[in-house]
Amino acid sequence: SGSDAIGIGLSERSVPQSLDVEILDRTLDRFWRPWIGVAGLVLIVIVLLANVTPYWLPSPDSGLYLDLARSLAAGKGYQVDGIPHTLAFPGLPFILAAVYTALGENFLVMNLLVTLMGIGCVLLTIALFRPWVGKRLAVLIALLTGMTETLVRYSGRILTDVPHLFFVLLSLLLIQQMWTQRTERRRVAAAVLAGISVEVACMIRPNGLVLIPVLIVALFWRRYSLMNLRDKVLSLLTWAIAIGGPLLAWQSYVLGVDPSLRKTYVKSSVLLRGLGRLFAHIQHNFDQLPEQLAETMARNHLGVVFNVILLLIVAVGLVRLARRGAWHLTLYTVLGTGLLFIHRFQRRYLLAILPFAMAGILLGTARLFSFAEERHPGSGKWRTAASVTLILLMVAFPLANAFPIAKLTRQKHQSPFYERYDRGHWNDEMILGE
């Protein structure tokens, strides 16, 4: 693999060529110009920054993080109303506590910090996908990700969704660095940084635990791993300290606060919460699935059919992504999607897999049309249909999100949000929801 792609990641020359790749390239050839990518990225940055306000945008989760950050900054420990807290993971509260310590209760800085991570998510998406799908398609995936109302909504709020996605993308990019750095020292350095990034993702949200198997498998993946056995063992030991140490410390704190949890360690363990809750609740949610599906079908038959088709297209696209060598991205997406069954589905949970879903949609659509073209070669009608469909998708998606984003931005600046945080605001109407 070469280092000429972007200085980071694999060489674009390693991407295998196929008919679906040809269809995507031909589609982009018809309308793509370099200025489109630059203009799109600039527009996303402007929209995200326009959603930064100097106010607290109310939600129960956000209020909890602020309470914990206040307590940490005041030197009172990890507690709410004098009671030690064991539910929310401490990643974001510690970050907010640093802001409290340096600047006091400054919501402009807090909101801006999360927004900058949202901008970082868009840029990291380009760097992450470029080695596997090429520069233009990587930029397109980033544009579609950045133009979603969901990313805009949570980029300007004190919640874990965007910071978690930022460190997920950074972790996966650093995993690719383990494969591509020219010297052994740099590969080991990338492995150490990947472990630290995974740990931060885990401490922000327990869902980050799904990155651990991806990290370990990547270390021993023969096709790409260039490390010798000694450095692999060194990396594993470093990860055990960087990832296991803070998680075990957090676990010890939780058990110290509530010793009764020791009797039900497997069920209540904070260390295993991300995967443990998945297995504990997945059957319950599957049992409710037929009832929820029937209820949704009664309201919107076409919506259910559309979502099922979209899910199948994403699945096809993820398979294509894995076959192009990016198995780690597909594996993370599959594991991350499984975690959606922990709770009743909420739109905000999609952020953790949003860039990968966008890539799946584009690759899956191209693959379905290329399959039809392979079955009926010569006419070229399926290639034309694929190009038209992809162009419509690329135009329709931003337009469909434009009005909700504009409405959200106006609402953020016109609604009577709070210049100071107070626990009494928890019971107020959640104007923007979660």
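Glu 149 and Arg 153 lie 4 residues apart in helix α7 (residues 149-155), so about one helical turn separates them. Helices here are DSSP runs of H or I with at least four residues, strands are E runs of at least two, and both are numbered from the N terminus. This is a predicted model, in which local features need pLDDT of at least 70 and side-chain atom pairs count only at pLDDT 80 or more, while totals for chains, interfaces and linings use all residues. Residues are numbered from 1 along each chain as its sequence is written, and side-chain values use heavy atoms, with hydrogens and water left out.

Glu 149 and Arg 153 form a salt bridge, with 2.7 Å between the closest N and O atoms. The term requires a side-chain nitrogen of Lys or Arg within 4 Å of a carboxyl oxygen of Asp or Glu. By this rule there are 4 salt bridges. Both Glu 149 and Arg 153 are buried; buried means under 20% relative accessible area, exposed means over 50%, and partly exposed lies in between (1.4 Å probe, protein chains only).

Arg 205 and Asp 161 also meet through their side chains in a salt bridge, at 2.7 Å from N to O. This pair links distant parts of the chain, 44 residues apart: Arg 205 is in the loop between α9 (184-204) and α10 (211-219), and Asp 161 is in helix α8 (residues 161-180). Arg 205 has a relative accessible area of 11% and is therefore buried. Asp 161, at 1%, counts as buried too.

In helix α9, Glu 184 and Arg 187 are 3 residues apart, so they are separated by about one helical turn. Their side chains form a salt bridge with an N to O distance of 2.6 Å. Glu 184 is partly exposed because its relative accessible area is 21%, whereas Arg 187 is buried at 7%.

| Salt bridge | N to O distance |
|---|---|
| Glu 149 – Arg 153 | 2.7 Å |
| Arg 205 – Asp 161 | 2.7 Å |
| Glu 184 – Arg 187 | 2.6 Å |

Val 45 belongs to helix α2 and, at 30% relative accessibility, counts as partly exposed.
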